[in-house]
Amino acid sequence: MDPGFEADFREFVVDRSGALFRTAYLLTGDRHAAEDLVQSALTKTAAKWRGLRDPAAIEGYVRRAMYHEQVSWWRRRSRIAEVSTGWLPDRVDDGHAEVADLRLVMRGALARLTPRQRTVLVLRYFEDLSETEIARLLGVRVGSVRSQIYRSLERLKKAAPELSTVREFR
């Protein structure tokens, strides 16, 4: 890689790696898989760096690469539910038991969504992207994004009715 391009790439990685990791974690649900996903996407971006001079295009390219990498991983992997036993749960104080229960319910409900539905929700509500930005990033129509958001929220409500009582969820 050209030294000038390498410096720009390093600056991009330093500036955006935290946000990219958060997105990858929400897509994968696993810290190690998220790190691998970010690394894969950044490797693909580095290979195409010379053609990505527009800062908005760079961010979109990396996020799109992460999404496609994750979807292709989901397709390759058999859909067997796994339960991790290699970690200890966080210690929960009595005052935070409700929050921990809600977090577990939410994680289980999100796991029941399709990969596309989960991705759209992550981009809309965790990354705070507009429907237009999501459509551009994923290469679909805005109407498709809206319908995916609607379907996924309805599916969440059916999967975990107790979430509909949470003010932020309504």
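A cavity is a set of grid points where a 1.4 Å probe fits but cannot get out, and its lining residues have an atom within 4 Å of a point. The legends below describe a predicted model.

**Figure 1. The largest cavity and its lining.** A search of the whole structure finds one cavity of 30 Å³ or more. The largest cavity holds about 40 Å³ of space. Its lining consists of Thr23, Leu27, Arg63, Tyr67, Thr119, Leu123, Leu137 and Leu138. At least two residues of this lining come from each of helix H1 (3-28), helix H3 (55-76), H5 and helix H6 (131-138).

**Figure 2. The overall fold of the protein chain.** The protein chain contains seven helices and zero strands, and from the N terminus on its elements run α-α-α-α-α-α-α. Of its 170 residues, 31% count as buried. Among contacts between residues at least 6 apart in sequence, 62% join residues at least 24 apart.

Figure 3. The buried residues of H2 are Ala34, Leu37, Val38, Ala41, Leu42 and Thr45. These residues lie on the same side of H2, because they cover an arc of only 125 degrees around the axis. An α-helix has 3.6 residues a turn, so residues three or four places apart point the same way. On the other side of H2, the residues His32, Asp36, Thr43 and Ala47 are exposed.

**Figure 4. The N-terminal end of helix H2.** Asp30 caps this end of H2. A side-chain oxygen of Asp30 lies 3.3 Å from the backbone nitrogen of His32, and His32 is itself among the exposed residues of the helix.

**Figure 5. Gln117 in helix H5.** Gln117 belongs to helix H5 (residues 115-126). Gln117 counts as buried because its relative accessibility is 7%, where buried means under 20%. Leaving aside neighbours within four places in sequence, Gln117 is in contact with Gln148, Arg151, Ser152 and Arg155.

**Figure 6. Gly60 in helix H3 and its distance to Ile134.** Gly60 is located in helix H3. With a relative accessibility of 15%, Gly60 counts as buried. Gly60 and Ile134 are 74 residues apart along the chain, and their C-alpha atoms are separated by 9.5 Å.

How values were computed:
Residues are numbered from 1 along each chain as its sequence is written. This is a predicted model: local features need pLDDT of at least 70, side-chain atom pairs count only at pLDDT 80 or more; totals for chains, interfaces and linings use all residues. Side-chain values use heavy atoms; hydrogens and water are left out. Buried means under 20% relative accessible area, exposed over 50%, partly exposed in between (1.4 Å probe, protein chains only). Helices (H or I, at least four residues) and strands (E, at least two) are DSSP runs, numbered from the N terminus. The arc is that of the directions from the helix axis to the C-beta atoms. A polar contact is a pair of N or O atoms within 3.5 Å; within protein, one must be able to donate a hydrogen and the other to accept it, and residues adjacent in sequence count only if both atoms are side-chain atoms. Contact means heavy atoms within 4.5 Å. On a 1 Å grid over the protein atoms alone, a cavity is a set of points where a 1.4 Å probe fits but cannot get out, and a pocket is an open set with protein on both sides within 12 Å along at least five of seven lines; lining residues have an atom within 4 Å of a point. Grid points are joined across faces, edges and corners, and a volume is the space filled by probe spheres set on the points.
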